[in-house]
Amino acid sequence: MSRARLKVVATEPVGPYTLLRLERGPVEPGIPGQFFMLEAPGRLLPRPMSLCLAPDGELAFLIDPIGPGTRALCAARPGHRIAVLGPLGNGFSRVENPLLVGGGIGVAPFPYLSKWLGSPPAVLGFRSAWHAEAATLVPNAEVVLEPTYVTEAMPSGFDVLACGPAPMPEAVRTLEPAAQLAWEAPMACGFGACYGCVVEIDGMLERLCVEGPVLRSRTTHPALQH
Ligand SMILES: Cc1cc2nc3c(=O)[nH]c(=O)nc-3n(C[C@H](O)[C@H](O)[C@H](O)COP(=O)(O)OP(=O)(O)OC[C@H]3O[C@@H](n4cnc5c(N)ncnc54)[C@H](O)[C@@H]3O)c2cc1C
Ligand code: FES
């Protein structure tokens, strides 16, 4: 894990999302599914983001501008520097027969994950064709649009790796109990110090930034305690 102020190379629109490309500097990309805390310009607390792509010399994050922090990140201009801490948490594990299953901004870690796993098949769900432009970043992807859900299009017989907004991971796990699932909780520090991300996992209160965000073969839902 390292901390650095990385220069913005470019911001590129991908449907309603923004691909924020940073010079990599000394920061390692880590394992897909791990995350980084990104300084949000003008905000006190950094925001957790999954690594989307790791081209030579760069780290890129796909960001959904849903609030002040994410909007400030999407508005960053080339040449600005953004403080980055990471990689943090536990990422995905390699499996024999992978299938990526995701929805909306939950596809953010998939381009990097897909490269790591050799472009396995993916089933991605979106609200609209505009949102589905994010699927162009994921090779070998089948896209479904609402009102069809990814769980309806998910073939069986694969090792599922999933990421998406609640309640999608829960629905995936009902069908594939052994799936690896990336969960979300609000995070203030990202490395176990603030206890702001505590969730219930297997009946125990745990910090999602330390135990997750990718959880495997859990028997109970990591219910938010906030
Ligand atoms: C491990 C991890 C990886 C993430 N990766 C990405 C990514 O690659 N791309 C991306 O766009 N977003 C990602 N997120 C979500 C992102 O961090 C939040 O959207 C962001 O912090 C919101 O900040 P804001 O200031 O824009 O909005 P805020 O004003 O902070 O939040 C807007 C609304 O969303 C809710 N909210 C904020 N953060 C979360 C959260 N983590 N879980 C549930 N509800 C939340 C708030 O309660 C509020 O209602 C990730 C989150 C986690 C925990
Ligand atoms: S975000 Fe601070 S302990 Fe997890």
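A residue is taken to be near a molecule if one of its heavy atoms lies within 4 Å of it. In this predicted model, 20 residues surround ligand 1, and the closest of them are Arg 47, Pro 48, Asp 64, Gly 69 and Thr 70. The shell divides by residue class into 13 nonpolar, four polar and three charged residues. Strand E4 (47–50), strand E5 (58–63) and helix H1 (68–74) each supply at least two residues of this shell, and E4 gives the most, with four residues.

Polar contacts to the protein backbone are found at several points around the ligand. A backbone N or O atom of Asp 64 lies 2.8 Å from an oxygen atom of ligand 1, and a nitrogen atom of ligand 1 is 3.1 Å from a polar backbone atom of Ser 50. A polar backbone atom of Gly 67 is 3.2 Å from an oxygen atom of the ligand. Taken alone, ligand 1 exposes 890 Å², of which the protein buries 73%.

The strands E4 and E5, which contribute to the ligand shell, also belong to an open sheet of six strands, arranged in the order E4-E3-E6-E1-E2-E5 with antiparallel pairing. E4 and E5 are the edge strands of this sheet, each pairing on one side only, and the twist from one strand to the next averages 40°. Strands of a sheet pair through backbone hydrogen bonds, in either a parallel or an antiparallel manner.

The pairing can be followed in detail at strand E3 (residues 35–38), which is joined to E4 by four bridges in the antiparallel sense. Within this pair, Met 37 stands opposite Pro 48 of E4, a residue that is also among the closest to ligand 1, while Phe 36 has Met 49 of E4 as its bridge partner. E3 also pairs with E6, again in the antiparallel sense, over three bridges, and here Phe 35 stands opposite Leu 88 of E6. In a regular strand the side chains alternate between the two faces of the sheet. In E3, Phe 35 and Met 37 point one way and Phe 36 and Leu 38 the other way, and all are buried.

The peptide bond from Gly 86 to Pro 87 is cis, with omega near 0°, and Pro 87 lies in strand E6 (residues 81–88). A cis peptide bond, with omega near 5°, also runs from Gly 212 to Pro 213; Pro 213 is placed in the loop between helix H5 (208–211) and strand E14 (214–216).

Positive phi values in residues other than glycine are found at Ser 119, where phi is near 55°, and at Tyr 195, where phi is about 60°. Ser 119 occupies the loop between helix H2 (110–117) and strand E8 (122–126) and is partly exposed, with a relative accessible area of 33%. Tyr 195 is located in the loop between strand E11 (180–182) and strand E12 (198–201), and with a relative accessibility of 52% this residue counts as exposed, because the cut-off for that class is a value over 50%.

Technical notes: Residues are numbered from 1 along each chain as its sequence is written. Chains are lettered from A and ligands numbered from 1 in the order in which they are written. This is a predicted model: local features need pLDDT of at least 70, side-chain atom pairs count only at pLDDT 80 or more; totals for chains, interfaces and linings use all residues. Side-chain values use heavy atoms; hydrogens and water are left out. A polar contact is a pair of N or O atoms within 3.5 Å; within protein, one must be able to donate a hydrogen and the other to accept it, and residues adjacent in sequence count only if both atoms are side-chain atoms. Accessible areas come from the Shrake-Rupley method with a 1.4 Å probe; for residues, only the protein chains shown count as cover. Ala, Val, Leu, Ile, Met, Phe, Trp, Tyr, Cys and Pro count as nonpolar, Asp, Glu, Lys and Arg as charged, and the others, Gly among them, as polar. Buried means under 20% relative accessible area, exposed over 50%, partly exposed in between (1.4 Å probe, protein chains only). Two strands pair if DSSP finds at least two bridges between them. Axes are lines fitted to C-alpha atoms, for helices over the stretch in contact, and angles run from 0 to 180 degrees between N-to-C directions.
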